[in-house]
Amino acid sequence: MKFTILTLFPEIVSAFFNASIMAKAVDRGLITYEFVNIRDFAFDKHKTCDDVTYGGGAGMLMLPEPLACALDSVDAKYKHVVFPSPSGRTFTQDDAIRLAKKDEIVLLCGRYEGVDQRIIDEYVDEEVSVGDYVLSSGEVASLVVVDAVYRLVEGVISSSSLENESFVDYLLEYPQYTKPAVFRGRCVPEVLLSGHHANIEKWRHRKRIEKTYTNRPDLIEKSRKSDAWTRENDMILEEFINERDY
Ligand code: ADE
(Lines give C-alpha, C1' and ligand atoms only; values in the text may rest on other atoms or scores of the structure.)
Protein backbone atom coordinates (compact mmCIF):
# COMPACT_ATOMS: atom_id res chain seq x y z
CA MET A 1 0.00 0.00 0.00
CA LYS A 2 1.14 3.51 -0.77
CA PHE A 3 0.48 6.61 1.36
CA THR A 4 0.93 9.98 -0.30
CA ILE A 5 0.89 12.81 2.21
CA LEU A 6 0.36 16.40 1.15
CA THR A 7 1.70 18.69 3.84
CA LEU A 8 3.35 22.01 4.60
CA PHE A 9 5.51 20.23 7.18
CA PRO A 10 6.97 16.96 5.83
CA GLU A 11 9.35 16.83 8.79
CA ILE A 12 6.42 16.19 11.15
CA VAL A 13 5.29 13.10 9.25
CA SER A 14 8.67 11.74 8.18
CA ALA A 15 9.66 10.68 11.72
CA PHE A 16 6.72 8.29 11.84
CA PHE A 17 7.69 6.58 8.59
CA ASN A 18 11.29 6.18 9.75
CA ALA A 19 10.77 4.42 13.06
CA SER A 20 9.58 1.22 14.64
CA ILE A 21 7.01 -1.05 12.97
CA MET A 22 6.37 1.36 10.09
CA ALA A 23 10.09 1.50 9.21
CA LYS A 24 10.16 -2.33 9.13
CA ALA A 25 7.04 -2.45 6.93
CA VAL A 26 8.68 0.03 4.54
CA ASP A 27 11.93 -2.01 4.52
CA ARG A 28 9.97 -5.14 3.72
CA GLY A 29 8.22 -3.40 0.82
CA LEU A 30 4.75 -3.75 2.38
CA ILE A 31 4.32 0.03 2.61
CA THR A 32 5.57 2.79 0.34
CA TYR A 33 5.12 6.51 0.89
CA GLU A 34 5.68 9.89 -0.65
CA PHE A 35 5.50 13.38 0.82
CA VAL A 36 4.35 16.27 -1.34
CA ASN A 37 5.32 19.66 0.05
CA ILE A 38 2.39 21.97 -0.69
CA ARG A 39 4.67 24.99 -0.44
CA ASP A 40 6.49 23.81 -3.58
CA PHE A 41 3.29 24.70 -5.45
CA ALA A 42 2.92 28.24 -4.08
CA PHE A 43 3.09 30.73 -6.92
CA ASP A 44 4.38 33.97 -5.37
CA LYS A 45 7.93 34.75 -4.29
CA HIS A 46 6.99 34.50 -0.59
CA LYS A 47 5.61 30.98 -1.14
CA THR A 48 2.27 32.02 0.39
CA CYS A 49 -0.11 29.13 1.09
CA ASP A 50 -2.83 30.85 3.14
CA ASP A 51 -5.04 33.93 3.15
CA VAL A 52 -7.96 35.54 5.00
CA THR A 53 -11.49 34.17 4.57
CA TYR A 54 -14.19 35.78 2.44
CA GLY A 55 -16.99 37.08 4.66
CA GLY A 56 -14.59 37.84 7.50
CA GLY A 57 -13.77 35.90 10.64
CA ALA A 58 -10.65 34.99 12.54
CA GLY A 59 -7.87 32.85 11.13
CA MET A 60 -6.36 32.02 7.79
CA LEU A 61 -7.42 29.47 5.21
CA MET A 62 -5.22 27.36 2.94
CA LEU A 63 -5.30 28.77 -0.61
CA PRO A 64 -6.95 26.54 -3.22
CA GLU A 65 -4.44 27.03 -6.05
CA PRO A 66 -1.29 25.53 -4.42
CA LEU A 67 -3.41 22.70 -2.99
CA ALA A 68 -5.00 21.92 -6.37
CA CYS A 69 -1.59 21.91 -8.09
CA ALA A 70 -0.16 19.67 -5.34
CA LEU A 71 -3.09 17.26 -5.69
CA ASP A 72 -2.84 17.27 -9.49
CA SER A 73 0.85 16.36 -9.18
CA VAL A 74 0.07 13.12 -7.36
CA ASP A 75 0.79 10.23 -9.65
CA ALA A 76 -1.76 7.60 -8.61
CA LYS A 77 -3.94 5.33 -10.68
CA TYR A 78 -6.93 6.15 -8.53
CA LYS A 79 -6.53 8.95 -6.02
CA HIS A 80 -8.55 8.19 -2.92
CA VAL A 81 -8.20 11.47 -1.06
CA VAL A 82 -8.77 11.51 2.71
CA PHE A 83 -8.95 14.90 4.43
CA PRO A 84 -8.71 14.79 8.24
CA SER A 85 -10.63 17.72 9.70
CA PRO A 86 -12.56 18.39 12.91
CA SER A 87 -15.65 18.84 10.71
CA GLY A 88 -15.46 15.34 9.24
CA ARG A 89 -17.48 12.31 10.26
CA THR A 90 -15.84 10.29 13.01
CA PHE A 91 -13.09 7.94 11.81
CA THR A 92 -13.60 4.41 13.19
CA GLN A 93 -11.97 0.99 13.12
CA ASP A 94 -14.40 0.01 10.34
CA ASP A 95 -12.98 2.87 8.23
CA ALA A 96 -9.45 1.66 8.96
CA ILE A 97 -10.40 -1.89 7.87
CA ARG A 98 -11.99 -0.55 4.66
CA LEU A 99 -9.06 1.75 3.80
CA ALA A 100 -6.49 -1.00 4.47
CA LYS A 101 -7.86 -2.82 1.41
CA LYS A 102 -6.95 0.06 -0.92
CA ASP A 103 -3.70 0.16 -2.91
CA GLU A 104 -3.16 3.89 -2.50
CA ILE A 105 -4.40 6.59 -0.16
CA VAL A 106 -3.72 10.31 -0.44
CA LEU A 107 -3.88 12.31 2.81
CA LEU A 108 -4.30 16.04 2.77
CA CYS A 109 -2.98 17.74 5.92
CA GLY A 110 -4.84 20.93 6.78
CA ARG A 111 -3.35 23.87 8.67
CA TYR A 112 -4.65 27.19 9.94
CA GLU A 113 -8.47 27.30 10.01
CA GLY A 114 -8.83 24.73 7.24
CA VAL A 115 -8.93 24.64 3.46
CA ASP A 116 -11.04 26.38 0.83
CA GLN A 117 -14.31 24.42 0.46
CA ARG A 118 -13.85 24.16 -3.31
CA ILE A 119 -10.85 21.88 -2.75
CA ILE A 120 -13.00 19.58 -0.62
CA ASP A 121 -15.78 19.62 -3.23
CA GLU A 122 -13.41 18.95 -6.12
CA TYR A 123 -10.87 16.49 -4.72
CA VAL A 124 -11.78 15.01 -1.35
CA ASP A 125 -13.39 11.54 -1.15
CA GLU A 126 -13.75 11.49 2.62
CA GLU A 127 -13.48 14.13 5.33
CA VAL A 128 -12.83 12.41 8.66
CA SER A 129 -12.40 13.58 12.23
CA VAL A 130 -10.12 11.62 14.57
CA GLY A 131 -12.03 12.76 17.64
CA ASP A 132 -14.10 15.48 19.21
CA TYR A 133 -11.29 17.95 19.87
CA VAL A 134 -9.39 20.41 17.69
CA LEU A 135 -5.76 19.79 16.74
CA SER A 136 -3.55 22.57 15.39
CA SER A 137 -1.89 20.20 12.99
CA GLY A 138 -3.58 18.13 10.30
CA GLU A 139 -0.34 16.15 10.13
CA VAL A 140 -1.03 14.64 13.55
CA ALA A 141 -4.56 13.69 12.47
CA SER A 142 -3.26 12.21 9.19
CA LEU A 143 -0.79 10.09 11.13
CA VAL A 144 -3.63 8.77 13.29
CA VAL A 145 -5.34 7.58 10.09
CA VAL A 146 -2.09 6.16 8.65
CA ASP A 147 -1.32 4.29 11.87
CA ALA A 148 -4.80 2.78 12.18
CA VAL A 149 -4.71 1.68 8.52
CA TYR A 150 -1.18 0.44 7.79
CA ARG A 151 -1.06 -1.99 10.72
CA LEU A 152 -4.02 -3.83 9.15
CA VAL A 153 -2.20 -4.32 5.84
CA GLU A 154 -1.41 -8.01 5.47
CA GLY A 155 2.01 -8.93 6.82
CA VAL A 156 2.67 -5.74 8.81
CA ILE A 157 1.82 -7.37 12.14
CA SER A 158 0.86 -10.96 12.92
CA SER A 159 -2.79 -11.82 12.39
CA SER A 160 -2.95 -13.36 15.89
CA SER A 161 -2.12 -9.91 17.35
CA LEU A 162 -5.13 -8.48 15.53
CA GLU A 163 -7.55 -11.22 16.56
CA ASN A 164 -8.35 -10.13 20.10
CA GLU A 165 -8.30 -6.42 19.47
CA SER A 166 -10.67 -3.91 20.95
CA PHE A 167 -13.48 -2.83 18.61
CA VAL A 168 -13.73 -6.12 16.71
CA ASP A 169 -16.61 -7.09 19.05
CA TYR A 170 -16.82 -3.57 20.52
CA LEU A 171 -15.28 -4.70 23.83
CA LEU A 172 -12.10 -3.09 25.11
CA GLU A 173 -8.98 -5.13 25.84
CA TYR A 174 -8.42 -6.90 29.15
CA PRO A 175 -5.69 -5.57 31.49
CA GLN A 176 -2.24 -7.04 30.81
CA TYR A 177 0.81 -7.62 33.01
CA THR A 178 4.47 -8.49 32.51
CA LYS A 179 7.37 -9.17 34.92
CA PRO A 180 7.86 -8.75 37.84
CA ALA A 181 4.95 -10.57 39.54
CA VAL A 182 5.02 -7.93 42.29
CA PHE A 183 5.72 -4.33 41.27
CA ARG A 184 5.98 -1.74 44.07
CA GLY A 185 3.63 -3.81 46.19
CA ARG A 186 1.09 -4.40 43.40
CA CYS A 187 0.58 -8.09 42.54
CA VAL A 188 -0.31 -9.62 39.19
CA PRO A 189 -3.76 -11.26 39.55
CA GLU A 190 -3.34 -14.88 40.85
CA VAL A 191 -5.19 -16.48 37.96
CA LEU A 192 -2.61 -15.24 35.42
CA LEU A 193 0.14 -17.10 37.32
CA SER A 194 -1.90 -20.32 37.60
CA GLY A 195 -1.19 -21.70 34.12
CA HIS A 196 -4.89 -22.71 33.94
CA HIS A 197 -5.74 -21.56 30.43
CA ALA A 198 -9.52 -21.91 30.65
CA ASN A 199 -9.65 -19.85 33.84
CA ILE A 200 -7.34 -17.23 32.34
CA GLU A 201 -9.62 -16.91 29.30
CA LYS A 202 -12.68 -16.58 31.56
CA TRP A 203 -10.98 -13.91 33.68
CA ARG A 204 -9.89 -11.96 30.62
CA HIS A 205 -13.36 -12.07 29.12
CA ARG A 206 -14.88 -10.84 32.37
CA LYS A 207 -12.36 -7.98 32.60
CA ARG A 208 -13.12 -6.88 29.02
CA ILE A 209 -16.78 -6.55 29.89
CA GLU A 210 -16.08 -4.78 33.19
CA LYS A 211 -13.63 -2.35 31.62
CA THR A 212 -15.91 -1.53 28.70
CA TYR A 213 -18.86 -0.95 31.02
CA THR A 214 -16.74 1.36 33.20
CA ASN A 215 -14.90 3.35 30.50
CA ARG A 216 -17.19 3.14 27.45
CA PRO A 217 -20.81 2.30 28.28
CA ASP A 218 -21.72 3.37 24.72
CA LEU A 219 -19.68 0.42 23.39
CA ILE A 220 -21.50 -2.02 25.70
CA GLU A 221 -24.72 -0.96 23.97
CA LYS A 222 -23.15 -1.57 20.55
CA SER A 223 -21.73 -4.92 21.61
CA ARG A 224 -25.11 -5.96 23.03
CA LYS A 225 -26.70 -5.41 19.64
CA SER A 226 -23.98 -7.42 17.85
CA ASP A 227 -23.95 -11.17 17.17
CA ALA A 228 -20.89 -11.53 19.41
CA TRP A 229 -22.88 -10.74 22.59
CA THR A 230 -23.91 -13.81 24.64
CA ARG A 231 -26.22 -14.68 27.55
CA GLU A 232 -23.07 -15.27 29.58
CA ASN A 233 -22.04 -11.65 28.92
CA ASP A 234 -25.36 -10.50 30.37
CA MET A 235 -24.70 -12.54 33.50
CA ILE A 236 -21.14 -11.23 33.89
CA LEU A 237 -22.36 -7.67 33.52
CA GLU A 238 -25.21 -8.14 35.94
CA GLU A 239 -22.82 -9.58 38.54
CA PHE A 240 -20.39 -6.70 38.07
CA ILE A 241 -23.11 -4.06 38.42
CA ASN A 242 -24.46 -5.74 41.58
CA GLU A 243 -20.94 -5.98 43.08
CA ARG A 244 -20.28 -2.31 42.34
CA ASP A 245 -23.55 -1.13 43.78
CA TYR A 246 -23.17 -3.27 46.87
N1 ADE B 1 -7.56 18.63 12.38
C2 ADE B 1 -7.69 19.36 13.49
N3 ADE B 1 -8.42 18.72 14.39
C4 ADE B 1 -8.77 17.54 13.83
C5 ADE B 1 -9.55 16.42 14.26
N6 ADE B 1 -10.13 16.39 15.45
N7 ADE B 1 -9.68 15.39 13.42
C8 ADE B 1 -9.11 15.42 12.20
N9 ADE B 1 -8.38 16.44 11.74
C10 ADE B 1 -8.20 17.49 12.55
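Helices here are DSSP runs of at least four residues, numbered from the N terminus. The model on screen is predicted.

**Stop one: the sheet.** Select strands β2, β1, β6, β5 and β7, in that order. These five strands form an open sheet, and their pairing is parallel. At the edges are β2 (32–37) and β7 (126–129), each of which pairs on one side only. On average, neighbouring strands of this sheet are turned by 35 degrees against each other, direction ignored.

**Stop two: the ligand.** Select the ligand and the residues around it, among them Pro84, Ser85, Pro86, Val128, Ser129 and Tyr133. Which strand gives the most to this shell? It is β5, with three residues. Both β5 (81–90) and β7 supply at least two residues each.

Next, look for nitrogen atoms of the ligand. One lies 2.9 Å from a backbone N or O atom of Val130. For Gly131, a polar backbone atom is 3.1 Å from a ligand nitrogen, and for Pro84 the corresponding distance is 3.5 Å. Taken alone, the ligand exposes 260 Å², and the protein buries 96% of that.

**Stop three: Thr212.** Move to helix α9 (residues 197–215) and select Thr212, which lies in it. Is Thr212 buried or exposed? Thr212 counts as buried because its relative accessible area is 0%, and buried means under 20%. Its side chain reaches the backbone oxygen of Arg208 at 2.6 Å. Leaving out residues up to four places away in sequence, Thr212 touches Tyr170, Leu171, Leu172, Pro217, Leu219 and Ile220.

Note on methods
Residues numbered from 1 in each chain as written. Predicted model: local features only at pLDDT ≥ 70, side-chain atom pairs only at ≥ 80, totals over all residues. Heavy atoms only, no water. Buried < 20%, exposed > 50% of the residue type's maximum accessible area, 1.4 Å probe, protein only. Polar contact = N/O pair within 3.5 Å; in protein donor to acceptor, adjacent residues only side chain to side chain. Contact = heavy atoms within 4.5 Å. Pairing = 2+ DSSP bridges. Axes fitted to C-alpha atoms, helices over the stretch in contact; angles between N-to-C directions. Near = heavy atom within 4 Å. Areas by Shrake-Rupley, 256 points an atom, 1.4 Å probe, with all protein chains shown as cover.
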